[in-house]
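Subject: Structure handover

Hello,

Please find the structure below. My notes on it follow.

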Amino acid sequence: MSLRFHFHPLSSYCHKALIALYENGTKFEPVVLNLMEPEVTAQFRKISPFGKMPAIEDTKRGHIINEATIVIEYLDEHYGGRVKFIPANADNAWQARMWDRFFDNYLHDSMQRVVADSFRADGSHDPYTVEQCKKRIFEVYDYLERHMKGREWVGDNFSLADCAAAPALFYANTIYPLGTQYPNARAYLGRLMTRPSYARVLEEAEPFFNFFPLDPKPQRTLAAA
Ligand SMILES: N[C@@H](CCC(=O)N[C@@H](CS)C(=O)NCC(=O)O)C(=O)O
């Protein structure tokens, strides 16, 4: 097997790359990381310079690939399958990349900061940043709500953008639920969660949901709004 995938089943950025692997039934060797173990972290830093999951080692082509977006681009290029994550049409391609950036930079990052704040010791929380992130998350919900009107996926077909959307929206919705004012965005999240690739990712993540540091814990099925 030439692909070794370093990840943890609960990690949102790992979900993003796993979706792409499962979409095309790409064969890989899973390497589950426990970054609470200093020895595991030290070893992993040889593969991922900043200790960030996911990472893929391609032993056949002799490359290590970091950053979930680039992992997906790499799979598309060298281990492609039925689903094309970067659309062939140039205009569709930049749109997929643009939405990938929107989801990572404004939704995923904000969600991660809110979760990270909950790990801080008493007295070192940063309510200002949490409030700013919450505002940003709702800005993304508003924009996504308008964009998803009459659409199934972000672009014409399932793409990199939807891989990016799924975990960011899944965990953001756990913290700040998409209420009834977001029917299009919510229905989109429902489609992502029931798409076989992401449903499988969530099924494998479920045993770890109790480790999510905030309440309520994530749920594999979308609760009523
Ligand atoms: N920009 C990276 C972000 C990856 C990331 O934030 N991964 C988290 C897990 S979701 C991680 O490795 N956290 C461990 C740490 O920061 O020590 C990507 O797109 O892959």
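Two strands pair if DSSP finds at least two bridges between them. Helices (H or I, at least four residues) and strands (E, at least two) are DSSP runs, numbered from the N terminus. This is a predicted model: local features need pLDDT of at least 70, side-chain atom pairs count only at pLDDT 80 or more, and totals for chains, interfaces and linings use all residues. Residue numbers start from 1 along each chain as its sequence is written.

The sheet. Strand S1 (residues 3-7) and strand S3 (residues 55-58) run antiparallel, joined by four bridges. His 6 stands opposite Ala 55 in S3. Four strands make up an open, mixed sheet, in the order S2-S1-S3-S4. S2 (29-32) and S4 (63-66) are the edge strands; each has a single partner, so one side of each has no neighbour in the sheet.

The axes of H1 and H6 (residues 160-175) come within 8 Å and cross at roughly 145 degrees. Axes are lines fitted to C-alpha atoms over the stretch in contact, with angles from 0 to 180 degrees between N-to-C directions. Residues in contact have C-beta atoms, placed from the backbone, within 7 Å. H1 contributes Ser 12, His 15, Lys 16, Ile 19 and Ala 20. The H6 side includes Cys 163, Pro 167 and Tyr 171.

Best wishes

Key. Two residues are in contact if their C-beta atoms, placed from the backbone, lie within 7 Å.
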